[in-house]
Each structure stands twice: as C-alpha cells, then as structure tokens.
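Hi,

Here is the structure I promised to pass on. My notes follow below it.

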Amino acid sequence: MSKRLTQENVRSLYTSLRNKNNEKDVENAWRKIFSTYFVDKNPDGEASLNSPCKVDGFIVENRIVFALRILLEFKDGTNLQNVYDRARITIQCIYYMKQFLKKSIQLPNVIVGADENQAFVLYAPNFYKYLKDSDIDWELAPSQAYLENHNLMTKLMNDSNLSVFVYDLNAGKNTISQRVSTIQNLFDEVKSLSNFDSKTGEVFKVDVTESNLAVLFDDFIRITFRSLKESDKLSPVDMVNVFQQLLLGRNPDEYYQLPSDPNKLHLPGDKKININGADMTAFFKHFNRNLSISEQDDLIAISDRLIEDITRRRKGDYWTPTIWANKAIHLIDEHLNHKWQTKQFGLINNWKKDCVVWDCAAGAKNLTRDYRFEHLYSSTIHEGELDLSRQYNNFPSSNVAFQYDFLNDDVEALSIIKSLNLRDKDSAEIKDIYDANKLKMPLKLFKDLVADKPLVFYINPPFGTANSRSFSSNQYKGKKSMARTEIRGLMKEAQMGKATQQLYAQFFFRIIDIIDTFHLTNVILASFSPYQFRVGGDYFGKFYQHFLKTLHPFDGFLFSAGEFSDVNTDWAITFSLYSNERKFEYSEKVQVDGFSDGHIRELGKKIIKTVSKKNSLSTWIKKDQSSATLGNKLTDSTFTSVTSAVKAVKNSNKSTYYENALGYMYFIGNDIEHSDTAVSLFSSYFKSGHGINVTKNNLIKSIIGFSIRRSANFKWYNGKDAFYIDNAISQKVLNDQTFIGDCLVMALSQYRASYQSSLGFYTVPEGYPEVVNKWFYVPTNIMADLFSQAKVSDNLKTKFSEEYRRARTSEDTIVVKLLKKMGTEFRFCDLNSDSHIDLTFSTGCSLSQESQQMFSLMIKLVNATWKYRELSILSHPEWSIERYDAGFNQLYKIITQITKDKEWQKEYFDSYKKLRNKINRYSKVTGIIGTDG
C-alpha cells in the first residue's frame, strides 16, 4: 500500500479520543482511522474490516502473498507503558485467536492494542504457541481472561515479546505534523510486520529523515533520561552530539553504555550520566540507521537547528513563523501608515521609515529580517544570536543591533535619570549623562528616547514562567533563574502579584517604565503574547490595571500557539497593538485566525474581557463564607481525606476542612481551560486542596459554579477566558429555581467530576472516620426499605443489616430536601420480589425537562445496579458499594464496569449532553461567559 495519512485523518482521531466518554468511543475512533487507512485507501480495494467472534476489529487483505491480517483491541483508562495492561490486551487477543481456530478463521499476523493515549504493535505469530497449551481453560470469556487466568497472565508479563515500543499519542509538543508522524509510524510498523521474514529475523525500523529528526530527538530525550535534572547536565551542544553519535553509531569507543552498568552512558572525557539503558536500546533498534555517507552528512548538518531549538526552549523563547510576522506587519501598516498623527513629528507616512523601532527581544531577527527599516534597534540577551543574524537588517547603517539584557541592563541607572528633565538638555549634556551613568544601550537610542521620537516596540518576548516549564517540552531548565531579574524586583515592590513570574509581563513592565522615565508621548507596543494577562483576575489583575494606566489595546488578532514550532496547540497567542495615545480608540475586540491550505483565514471575532477578582465566579462562591458559616476547623483525626470517589487517604498537615462542610469542591482558577480538569465535587476534603469547603450557606452557589464551569466548551481560542458575575447576574441566577435545579442535577451526575461518595471502615485508613455522603439524592426511608428486602449471601448479611439500620436512623440530606421542594416524589415498590424505587414529578415541579430526564436516569441507575451490588462488593470491595448512600460515581462504576449496560449509558450521555448544553446556553445569555465559551 502506497499512501499516507492526511492531517484531517489524524486531527479527527485525536479530537475523538480527547472527547471520548467511554470505551466504545475509543473503539469507534480507532476503527475509523484504521478503516480509512487500511480499507478505504487500499489501492487494490481488497481489504475489509469486520468483527468475527465480537472482536473490536479484524482487518483482512484478500491477497495470497503478504496478506495483512490485523486483530484490533481497544481499551479505555489503561496505561500501555505498563506491561500488565499490554498483557491484559494480549491475553484477550489470544483467546480470540483460539476462537478463530475453532471457526476456521485465518489467524492474524499483527495485533494492535490501543487506548485513548497510547498504542502498541505485536507480531502475532510470536503468540501462536499459547494456542497449543491444553492446560488453558479456553471456555473463559476473552474479556475476562486477564482476571481469571492468572497463570497465563504471569507468562505473558514475562514474555520478552511484550517488551515493545509504545507509541505515545501525547508525547512532545502535540503539533499536527508530529501527530501525523506518530500515527504514520504506527501504521508503517503494522505494514512491515505483515512482511516479516522469520528467516532473517529482520524487525521493523522507521526511516530517519530530515523531516522527522526533530521529533526523534525529543523522543530520545524523553525516553533516555531518568529525570529532567539528569538531562539538564548536558549542554545543548553535548545533547545533540550524544544523539547524533548514538544514532549514527560513530565513535563507539567514546559513546557507549557501560558493560557493568547499562544504565550509565559513557561520554568523551570519561564522563558518565544516568540513563534508562533498556529503553534507550529499544528506542534506537526501532529506527533504520543503515544510512549512506551522504545521508549521514545531511543529518549532521541539521545539528545547528537542533542546538538552537533546545537552547531557546530552555529559556521559553519561540521562533515566530514568517506568515504570522507578515500579518503583524500588515496590521501595523493598516493602523499607522498615513493615519498616525504624532504630536511633535507630524503624520507618519511609513512607520518602518519614519519611526524608531525597537525589537528588544530580537533573537535572530525573524520579526524584522524580511523588511527594510530606517531606524531599527535590535537587541537580544545572547551574543550568539547577534552572530546568527548579522546579515539581516544591516542596511542602512542607521540600524543598530546590540547585546542587551532588557530585564536587567540599565534598570538602576535609568531609575536615577528618571528625576532629570532631559528635554532641557543639549546634546553634549545628554552624552555626559549617558557616560556618567555607564548606560549599556547605544547612545543613539538614548538620544532618540530623550527626543521623544515616535516609537514602536515590535516584539515577541519569551512566554516562559518563573516557576514552571509549561510552555516548553517539560525537559528544559532556565526559566526560574531567568525570571529573577531587576524588573521582577521592581514588580514585586509595586505588588504586581503572580504576574511577576511571567517573563513577557516583565518585558511589558520594563517598556512602561521606559515610557515613564523618558516621558514618551508617541508609543505603540506591537507584541505577540498569551492573552491571559488581559483577562485580569487574581493572577494578572493588578498588573493589567497598571498596564492600562499607560497603554491600552486597540486592535489585534488571535491564533493557535501550535503555529509556533513545537508548542502545544491548546492555548492561544495574540498579536495586539497598544498605544499611550487616546486617538487610538480602546478596543477589546480581536480577530480569531486559523492557518490552512497555505493561507490565514478569519474564523471569527472575540472580545477579550477583563474580569476583576471581585467579579470572578470563584470569589462569588467564597464571598459569604465566614467562621460562623464554616464552624471550627477540624483536626486531622476527625475527618478523612480523599483522592477520588473511592480512595480515602490519611490527612496532610495542610488539610483545611471545617465542621459545617457538606463536602469539598476542587476549584482551580476562574478560566475555561481548567474547567474540564480542575473542577470536581467530593463528600470530604480533597487531598490536593485548591478548593472550597461547601456548606449549607454556599451550596447553591457551589453547584452553580460547578455546573457553569463544567458546561463550558474549551477551545484553543477561549481557554484563558474568565467567568464573570456581578450583582445583577447574581440576583438573577439565585432567583431562578429552574436554573438552580439544572445545576443541582448536573452537580450530582457529572460522570468525571461528581465524586460525592460514601466510604466505610473497609475503605478508609485505620483510625479515620467513615465518609458519609451528605449529597445523597434518595430519601433514607426509601433506602432503608430497599435494604430491608435485600437477599444476599450470609457473609454479606451483616453489612447490609448495618446499612439498613444506618439508613433508618439517618436524616434526609439537604439535597433530598431540595429535590422534594422542587417537586420530586419517591416511592418504594416491592412487586413480586422486584424491589425498586419509583420516581414521579409533581404538577408544579420546578425542574426542567432536561433535569427531570437526567434525574430519572439517576434513579434508574440505583434500580439497575441494585441486583449487582453483591457481585460488585466481592469483586471491588474498595468501591464501598455496600453503603446505602453510595453516590453516583460508585454506581456508575457498576453499570460501566460490571453490568456494562450500554442502553443506560447511551440514554445517560444523550441526557447529559442536553442538560450540559442548556446550562451552557444560560451562562452565555446571562454574560457569565462569552459567546464562544
């Protein structure tokens, strides 16, 4: 087969896997791309995909020679780096192959196992030997074999054929080119294994090319080194040299694993570093290193690019793609040329000619090198970057490139100069001041600033933070030390809060300081940056207010960070224009752009709305909390912490939980980006903290906040958008009983975040109290009746009797009382030994149709899982299913992992989608989130 994947094929796969709700979604996503590649694109049209013996997929080519036969098995929630999970999939495939033999179906020659994050490929004939084992119980269901055939699982976990390369779908920077490369390599391996020659023992190898070398280099670092600290021991030059030497097999006397300790790598100068020896060996065996001399020379020639990449990423810098730099220039042209009337220098006809332009984060000048400037100052912290870019912008001679640490150099000296009235000085006096203060900036630039010439700061500053590596590949160091600058010190003195950790914010602060020092009146800041600083809130609120006192936005565009090389695509970069002149009208509107088919295309418009801390959703929820509403702080031994719905742990000294708490809401930030990963509800304190104690006083606000954030639609262009709520919106939502009902039902039934549960003494750590589910949604008398009729084995009767008595002596939760008030009615039924709960809604019920449908499914869940409780207790005692107030998540585990009731699951996700969308629409109409959230 001679064909390649398209970006759309791979983008569709990744989107489907990211948005999966269950294992079937994972299966469907993988089946689609396997079918597209191996069936639809088969040049001879001789391939088919079906599911004999109920396998997830079986692809067969109807050829006589080298016919490809792929057995597919997909899972959800596994970790395929773990040999146990690879063995789990493999044993299921072995059982399927036994069924194939019985039905005279030709055996596969390739096995592919995958989940939502990873995939691996096996050469199926290596596992045929197990089919001859007469001691194996072949009557087991394939899906249960890993649980019941411990002997075969043990053999597989020790089988060297399972020590294979695992394709990590999320490794590296998640650019679309890398994603295509990952999936294409996976499929190339599958094809090659079908042509496997057992006589030569040749195994599949991926070709090393100029186009995929950077991806392989990142994988080499990730796979080879045991820790970030260990990889940081090598300079960029040394790191690239090690990779190239090992890849090409050169200088084996200097670059080798120690025979006595293969987890140590020997380097020139008898230097030794720690590595993952077996992983590195497997990594290089995966690639075809049989290269010609010319091919080897071509790869070595790429070393400079790799060295530059790793150097810049260690300090959080990124190259700006030319097409976006061109769009930025066009936007500046549009607003300044023949339109900017300056106070002292008249109309600007051509800003590149008439204005002083300072790129104070110039790097290798990729912002400016394709254009002619008459008064360009290019400064960068690294002397080497000046050497790389020496041939650019060196004409006319009025342009100046110089080494300058923008966040440190001249900061103290200019603070002294600030008090001087420089405009009254003549040229000689200005030079004397310059010399006396030993300024590092060029004298010519100093004089231009004193003269208040029209100035454009045109920059792409580094986006790294002082305390994380979130904008790089999680492999490189340097941001923390870099961020400890003179400007950061000034920002801390000015109480700029957490914004001091952001390097680009430091650049902006310095620019404002320069404007103030020289009393500049004609300044344009034209900058690339994340747009988060304009949203405000706790992180950037103080800084942005300071920024707006000097500069204001008036136009800009937004695009995916994935347009920068090797950057994650899930956040947005803005190029925006800011001015200190009122003639440029303040505007928060930006154009949202995408790049496809070689062109930039407008996707729409958005408002970058600034939300103050006092108007944030998180502040609104916490607003009325006090010692009176919270009660006393609990001591460690009087409550139990949790890390999930069914895992209780010992408390830490940092735990802050109060006696009046109904539970705890994990609630990080106030933005859309974190809404899908950092918003959850628990019946007790969440071990990681970063949340809110939920009490009767803030229960309604908590469920509203939870539901609004969980209903938000995260896109790359809205991730930093903040949730806004003022007094008018607050009054509206708190008086809307239907909306509150929607939020309450949503808060009880979100499949990945409603972790309110009940945990007994069998689950909690010794010496800690049980966790009572104060969010339980069925009346206690109904549950007591249900438990009184339970028919279970003798060894569980005691547990069920205890729960019967606990239910009889417990009060209905505040949730049940709210539901009854809203018009829900419960009734216990025991017809022909079929014990179940009936649910009806009163005529005046305030619950919406969407909430009624969802809550009916929640009661249906209680009924549908009731008869499976004993089995669930025996197979998963850690779930605490014996508890009468076992919560939604606990019962959800039964129906998805024990009964696998597909009908209920389908109904649930249909209803969940309707309820979620209704809450999302309400949030937009009220203005809590923007129209694109």
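This is a predicted model: local features need pLDDT of at least 70, side-chain atom pairs count only at pLDDT 80 or more; totals for chains, interfaces and linings use all residues.

Leu 147 sits in helix H4, residues 145-148. Together with Tyr 84 and Met 157, Leu 147 makes a nonpolar surface patch of about 250 Å².

Now the interior. In general, nonpolar side chains of soluble globular proteins tend to be buried together. The largest nonpolar core here has 94 residues. Within that core, Val 733, Trp 775, Tyr 777, Ile 837 and Tyr 908 touch the most other members. Take Val 733, setting aside neighbours within four places in sequence: Val 733 contacts Trp 620, Ile 704, Ile 725, Phe 739, Ile 740, Tyr 922 and Ile 928.

Next, helix H17, residues 427-436. Its buried residues are Ile 430, Ile 433 and Tyr 434. These residues cover an arc of only 100° around the axis, so they lie on the same side of H17. The buried residues of H17 pack against helix H16 (411-417) and helix H18 (443-450). On the face turned away from the buried side, H17 carries the exposed residues Ala 428, Asp 432 and Ala 436.

Best wishes

Technical notes. Residues are numbered from 1 along each chain as its sequence is written. Side-chain values use heavy atoms; hydrogens and water are left out. Patches are made of residues with over 30% relative accessible area and no salt bridge: like charges are joined within 9 Å, nonpolar side chains (Val, Leu, Ile, Met, Phe, Trp, Tyr) within 5 Å. Accessible areas come from the Shrake-Rupley method with a 1.4 Å probe; for residues, only the protein chains shown count as cover. A salt bridge is a side-chain nitrogen of Lys or Arg within 4 Å of a carboxyl oxygen of Asp or Glu. Helices (H or I, at least four residues) and strands (E, at least two) are DSSP runs, numbered from the N terminus. A nonpolar core is a set of buried Ala, Val, Leu, Ile, Met, Phe, Trp, Tyr and Cys residues joined through side-chain atoms within 4.5 Å. Buried means under 20% relative accessible area, exposed over 50%, partly exposed in between (1.4 Å probe, protein chains only). Contact means heavy atoms within 4.5 Å. The arc is that of the directions from the helix axis to the C-beta atoms.
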